[in-house]
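I opened this entry to keep track of what I look up. I go one topic at a time.

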Amino acid sequence: MLEEIKRLSLEVLGGLPGTLYGPVEDALKVAMLKGDGKTNHYEEQAALWMLRQHQATHVMKFRQQIAQAFDDFRALRIRSGGDVPLRLLDEQQLEYELASGRLNESLVARFARPLDTLQGRLQTLSDTMRVPSGTNPIGPERLVTAFSQTLQDAQVPDTLRGRLFRHYENELIRLLGDLYARVNALLGSSGYGAPIARSQENFRRNEPAPPAPGYGTYPPQDGFGAPEYGPPPARPSSPPMSQQDIASMAQELAQLRSQLHAWRDSISRGDVAAGPAGMSDRPVMQRREMRVDEILSVASLLQAEPPDAFARALAVSGRLGETIRDHLQDGARRLGLNPDQACFSPEEEDAIDLVAMLFDSLFHHNALQDRARRLYARLVLPYVKVALTDNAVFVKREHPARRLLDAITEACEGNDGETPQDRELLDRATEISQRIVADYNEDLAVFEMAHAELDALLAQQRRRFELQEQRAAKATYGRERLGAARAQAESALEERLADSTLTQAVADFLAMPWRHHLVQMLLRENTDQRRHAEAIALGDALVMADRLAEEGRGRELADQLLALQPAIIECLASSGLDDSAAQHGMAGLVRALATPDTPRRQRPVSPLAMPEDDAGEAERRLWLAGGTDEVRHDPLLADRMRTLEVGDWLRLSSTEGESTAVKVAWLSPLTSRYLLVNRRGLRVLVASAEELASLAGTGRLTIGAERTAFDEAMRQVKRHLDRASATR
């Protein structure tokens with residue numbers, strides 16, 4: 001009987017004090033917004049953060065205190081019958097003693113009737129066991145002592161201690177009424193005192209009803225004084241949401257569930273054996289639905305085990321849901337739950353399917369390396385637990401678990417660990433995933449702290465990614481300017497060679513040093529029209545000098561060459577020749593023109609090689625699969641592409657099917673081409689609106705992708721559900 005009461009008590013109270021830290025933090029935020037200046041809220045925040053770091057230890061210690069109370073009751077520990085030795089208390093212990101005394105008095109007064117009944121029944125139980133009567137193991141005195149002992153070694157400021165005791169009192173008020181009624185009924189039905197079904201019903205009727213989720217306020221109180229009792233406190237969300245936001249989230253979640261049920265029904269009609277719920281030929285009516293707390297216990301048991309099965313399932317799209325179910329059923333067997341007699345409820349099926357689809361989408365629609373697969377596999381069960389207890393994770397964009405997964409994806413996507421900074425990101429993301437597995441116990445604060453830590457590191461890296469974007473834009477602009485300058489130089493050279501018969505020396509000079517000099521002038525002196533005109537005039541003057549030599553007009557030729565000497569020397573110097581080499585080149589040109597009968601002929605223009613464009617050609621081979629100048633495209637799609645703005649996100653797939661998120665980082669003022677970069681600021685593709693339209697037409701470019709990885713994954717999940725339901 002005592003073991004059953006202990007099990008029941010631990011089931012109801014075992015999550016304390018871990019469940020207090022969230023409401024206390026919310027109350028502390030409200031107090032900070034009021035800004036009365038009387039309290040050092042930052043000191044409270046720091047102390048609360050330290051408490052949350054040791055949350056698992058505190059919960060375990062609290063449970064041990066309750067278990068010890070039952071051991072004491074049945075005399076498994078020696079009870080002191082003599083005088084209690086006197087001892088000195090330090091200031092912190094004294095504060096705990098005072099706070100505990102006030103809280104004990106308040107709870108005893110509130111639950112006087114059920115406590116009297118329970119004490120009588122426990123006395124009967126002690127007599128039956130033939131042991132001296134002990135202290136009620138779940139009475140206010142023992143519960144207050146358990147809480148005080150749990151926090152006694154922690155450094156807690158006075159004001160935070162007051163908040164903790166107030167919220168602990170509110171939780172006990174919410175939980176103890178039902179617990180005492182159940183324990184009294186259990187003892188009464190087992191013969192330890194008269195049955196109290198009527199008393200239990202009356203007590204429950206008089207007990208304040210818990211508020212609806214998301215409503216209620218903490219009772220006003222000062223110091224450790226008794227609160228004005230009313231409805232038990234709710235746990236306000238952070239940040240608070242309007243009724244419209246709540247209604248919108250509920251509608252979005254209902255729509256998602258409707259899509260999921262339609263998809264599951266379509267699979268069930270098509271192939272019962274392949275259903276996601278692991279359905280079999282057994283009649284469902286013969287199996288009870290497992291409670292959420294049972295599934296949570298199973299998931300907690302398996303959470304710390306190696307995630308190899310999930311990692312293998314992530315490698316094959318669509319296998320993760322089945323693997324999660326098999327894993328949970330195996331864990332249920334190990335806990336004594338027979339899967340032949342129990343099944344998942346529809347809500348639990350929804351949570352498992354949505355988590356499986358979410359992780360499948362994240363892993364297969366982002367450029368993640370193999371190392372990331374094990375990291376994501378490690379997080380599967382914690383996120384199943386989140387989905388079972390708080391399905392708002394799928395629709396609430398500020399949910400801490402959602403934000404953490406976004407940060408982890410940002411750290412891992414496209415990260416091959418080549419640089420020390422990249423390796424640091426991967427190592428930190430891996431460490432955080434391991435911490436989630438070790439610390440998560442239905443308290444979302446673990447996700448909040450993990451996200452804050454990883455996001456702080458990402459904030460430093462984002463600046464580096466921005467600089468990489470800027471470098472990619474500058475490099476692309478430089479290549480485009482070079483290409484435009486070369487095109488202009490080619491056109492100018494073609495004009496001078498097409499209709500002229502020139503000596504070899506003049507033709508070579510125009511084709512090499514002069515053309516190169518013209519490109520340099522266009523790049524360096526693009527805004528100086530005079531310098532550009534002088535470079536063009538040099539080419540025309542050399543053509544004229546060759547004509548003067550051909551006609552034997554030696555005096556005019558000599559005057560022309562003397563006038564051109566400074567410009568020719570400068571032209572040769574711009575090709576990298578020093579003064580001596582430039583003078584030697586000038587002399588060779590003069591010698592060639594000094595002979596009137598030197599052979600002359602028209603010479604074709606040989607285009608300059610442009611090795612700098614190799615990267616662009618590689619891009620087209622990867623993304624456009626050909627890279628021809630004429631790209632088949634839909635003009636309407638091309639018009640849509642021209643409306644893209646810097647900062648817009650797209651999703652791009654290569655010819656091999658690898659998908660990645662890309663952002664429009666820059667629009668060329670010269671060619672109107674778009675520079676697309678990945679989340680790490682690295683160039684992925686530079687393409688025109690027509691080329692982007694061609695990619696979109698083949699389904700390899702998606703416009704309007706979500707900014708965050710989680711949002712995009714949920715969008716892919718909804719599209720998959722719609723397509724799968726429509727095709728069956």
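**Helix packing**

I began with H15 and H17, which are roughly parallel to each other. The model is a predicted one. I looked up the angle: helix H15 (residues 370-389) and helix H17 (residues 420-439) pack at about 20°. That angle is under 35 degrees, so the pair counts as roughly parallel. Their axes lie 9 Å apart. I also noted the hand of the crossing of H15 and H17, which is left-handed.

Next I listed who makes the contact. H15 brings Arg371, Leu375, Arg378, Leu379 and Pro382. From H17 come Leu426, Asp427, Ala429, Thr430, Ser433, Gln434, Ile436 and Val437. I sorted the residues of this contact of H15 with H17 by kind: seven are nonpolar, three polar and three charged.

**Cores**

I then turned to the largest nonpolar core, which has 72 residues. Which of its residues touch the most other members? I found Leu328, Phe359 and Tyr376. H15 gives the most to this core, with 12 residues. Another core lies apart from the largest one and holds 46 residues. Among them are Leu13, Phe111, Ile138 and Ala154.

**Backbone in the loops**

Leucine 16 and proline 17 are joined by a cis peptide bond, with omega about 0°. Proline 17 sits in the loop between helix H1 (2-13) and helix H2 (21-34).

Arginine 130 has a phi near 60°, a positive value in a residue other than glycine. I placed arginine 130 in the loop between helix H6 (112-129) and helix H7 (140-151). Is arginine 130 buried or exposed? Its relative accessible area is 77%, so I wrote down exposed.

Glutamate 442 also has a positive phi, near 65°, and is not a glycine either. I found glutamate 442 in the loop between H17 and helix H18 (445-498).

**A proline in a helix**

Last, I looked up proline 566, which lies in helix H21 (residues 554-574). Proline 566 has a relative accessible area of 57%, so I noted it as exposed. I also took its distance to methionine 586. Proline 566 and methionine 586 are 20 residues apart in sequence. In space they are 9.9 Å apart, C-alpha to C-alpha.

Methods. Residues are numbered from 1 along each chain as its sequence is written. This is a predicted model: local features need pLDDT of at least 70, side-chain atom pairs count only at pLDDT 80 or more; totals for chains, interfaces and linings use all residues. Side-chain values use heavy atoms; hydrogens and water are left out. Helices (H or I, at least four residues) and strands (E, at least two) are DSSP runs, numbered from the N terminus. Buried means under 20% relative accessible area, exposed over 50%, partly exposed in between (1.4 Å probe, protein chains only). Axes are lines fitted to C-alpha atoms, for helices over the stretch in contact, and angles run from 0 to 180 degrees between N-to-C directions. Angles under 35 degrees count as roughly parallel, over 145 as roughly antiparallel, 65 to 115 as roughly perpendicular and the rest as oblique. A crossing is left-handed if the near helix is turned anticlockwise from the far one by less than a right angle, and right-handed if clockwise. Contact means heavy atoms within 4.5 Å. Ala, Val, Leu, Ile, Met, Phe, Trp, Tyr, Cys and Pro count as nonpolar, Asp, Glu, Lys and Arg as charged, and the others, Gly among them, as polar. A nonpolar core is a set of buried Ala, Val, Leu, Ile, Met, Phe, Trp, Tyr and Cys residues joined through side-chain atoms within 4.5 Å.
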